[in-house]
Amino acid sequence: MTDQALVDLAFTMLSRSYAPYSNFPVGAALEGADGVVYTGCNVENAAYGSCICAERTALVKAISEGCRSFRRLAVVGNSPDYCWPCGSCRQMLYEFSPDLEVLVANKDHQFVKYTLRQLLPCGFGPDTLG
Ligand code: THU
């Protein structure tokens, strides 16, 4: 799958987003090392602290299916700016795949590409614990 196809797949998840409080739908597509793609969307809650981001939805879906290593992630939104992954998502992804490629898109399906290490320099991970 091309990078653009992964981004476009993440866009299909915007319609599944449950974001009545922020009105900011987010979609994600996370490609496992086995080639399987796990999709996700943000799911909000009246108790705001219980909201979960699209990337973490995709990640916990993957982990619960037995996949623990990842190649690429696409994160998309409907905003003119790129839909940057939040700090909590960067941290949770770093646990499993610090060398993940992250494709971050704007509403026009244009994307920029970073490694997770670039987005979370000097990250705290399992190796840090020794
Ligand atoms: N959101 C994500 O889904 N991913 C991120 O990395 C940033 C934020 C969601 C959470 C919330 O539902 C909405 O965007 C506004 O913060």
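These legends describe close-up views of a pocket and its ligand in a predicted model. Residues are numbered from 1 along each chain as its sequence is written, and side-chain values use heavy atoms, without hydrogens or water. Local features need pLDDT of at least 70 and side-chain atom pairs count only at pLDDT 80 or more, while totals for chains, interfaces and linings use all residues.

**View 1. The largest pocket holds the ligand.** A pocket is an open set of points, on a 1 Å grid over the protein atoms alone, where a 1.4 Å probe fits, with protein on both sides within 12 Å along at least five of seven lines. A molecule sits in a pocket if more than half of its atoms lie within 2 Å of its grid points.

**View 2. Fourteen residues line the largest pocket.** Lining residues have an atom within 4 Å of a point. Nearest the pocket centre lie Val26, Asn42, Cys53, Ala54 and Glu55. The lining has ten nonpolar, one polar and three charged residues.

**View 3. The shell around the ligand includes Ser22, Phe24 and Trp84.** The shell divides into seven nonpolar, two polar and two charged residues.

Key
Ala, Val, Leu, Ile, Met, Phe, Trp, Tyr, Cys and Pro count as nonpolar, Asp, Glu, Lys and Arg as charged, and the others, Gly among them, as polar. A residue is near a molecule or strand if one of its heavy atoms lies within 4 Å of it.
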